[in-house]
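Please keep the structure in view while reading.

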Amino acid sequence: MKKLIRGLREYKEVYVSQNRDFLEQLAHGQKPRVLFITCSDSRIVPSLITQTEPGEIFVIRNAGNIIPPFGAANGGEGAAVEYAIHALGIEQIIVCGHSHCGAMKGLLQIGKLEEEMPLVYEWLRHADATRRLVQENYGGYSKDELLEITIAENVLTQIENLKTYPVVHSKLYQGKLHLYGWVYLIETGEVLAFDPEAHQYVPPQTQLEVVGEPGRFLSTSAPPVTCDLPAYNPDDDLPPATMPPLRRPAAANSQVAYKSSPGNISWLSPEQADRIYRGSAHPR
Ligand SMILES: [Zn+2]
């Protein structure tokens, strides 16, 4: 607690004194461009990892970055989603899971939770689609592998849950809303973004439009959207690829296993990445 009090004093002496005009301007209202949904985990600091200023991102946090499907809960999540889109006019939503997520570990051992932490147990039921998908499609893998897969799949499950909200459904129909799935890797500080065309997690920079060349994207499979992330400068070095590209099956819904090329992988192995594809309920 002492550390926090000292922090408040330091914030006032340093940040506030240097940013008085900015803070006064913020008092007139907010116009965030992105709704950022992430876990309550203390190791995730949204404004730090995205290097955003106060007023730039509207944040929802809870255990497991979960958005209960519309009508399934009377919590604050739905209200915050509705407010973000309708009142604030936000057009971009990021669901950001993270490595070593305690909530996802709990989801994999849900039976144990019922007695020890009944509220957590009830909450995680909103991620039951993730649990069932992993359980029924990813048999025979180690605990660590299953956790990584669960984290990645849960981001996709929660994006599907978001789509059940009338306000989201309507804006998506109008093409005025874009949904993004991210996984933050605590150990390296990297973010991987889900590419719905390639159905794999890729460095998010590859989804950005090349500066000065509208319509040209770094990844040919990237969807034609721009987001409010720092624009990519083609003169910069590309970040090292952290996951190999997956080959798309002949048919979008093909359940035939296909191999991904070997490469430098810091998180998911090619086999795991392959399983993410085969096991996901949302192949595009
Ligand atoms: Zn977490």
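**Strand S3 and its partners**
- Strand S3, which covers residues 92-98, has seven of its seven residues buried, so it is largely enclosed by the rest of the structure.
- From S3, the residues Gln92, Ile94, Cys96 and His98 point one way, while Ile93, Val95 and Gly97 point the other way, and all of them are buried.
- Strand S1 (residues 34-39) runs parallel to S3 and is joined to it by five bridges, whereas S4 (residues 178-185) pairs with S3, likewise in the parallel sense, over seven bridges.

**Nonpolar core**
- The largest nonpolar core has 49 residues, and those with the most contacts inside it are Leu35, Ile37, Ile94 and Trp182; helix H9 (residues 143-162) supplies the largest share of this core, eight residues.
- Once its neighbours within four places in sequence are left aside, Trp182 is in contact with Ile94, Cys96, Val155, Val191, Leu192, Ala193 and Pro204.

**Confidence**
- The protein chain has a mean pLDDT of 80, with 72% of its residues reaching 70 or more.
- Over residues 219-266 the pLDDT stays under 50, although the model has 91 contacts beyond four places in sequence for this stretch; residues 277-284 are also below 50, with 24 contacts beyond near neighbours in sequence.
- Where pLDDT is low, the predicted coordinates should not be read in detail.

Notes. Residues are numbered from 1 along each chain as its sequence is written. This is a predicted model: local features need pLDDT of at least 70, side-chain atom pairs count only at pLDDT 80 or more; totals for chains, interfaces and linings use all residues. A nonpolar core is a set of buried Ala, Val, Leu, Ile, Met, Phe, Trp, Tyr and Cys residues joined through C-beta atoms within 7 Å. A residue is buried if 20 or more other C-beta atoms lie within 10 Å of its own, exposed if 12 or fewer, and partly exposed in between; C-beta atoms are placed from the backbone. Helices (H or I, at least four residues) and strands (E, at least two) are DSSP runs, numbered from the N terminus. Two residues are in contact if their C-beta atoms, placed from the backbone, lie within 7 Å. pLDDT is the predictor's confidence in each residue, from 0 to 100. Two strands pair if DSSP finds at least two bridges between them.
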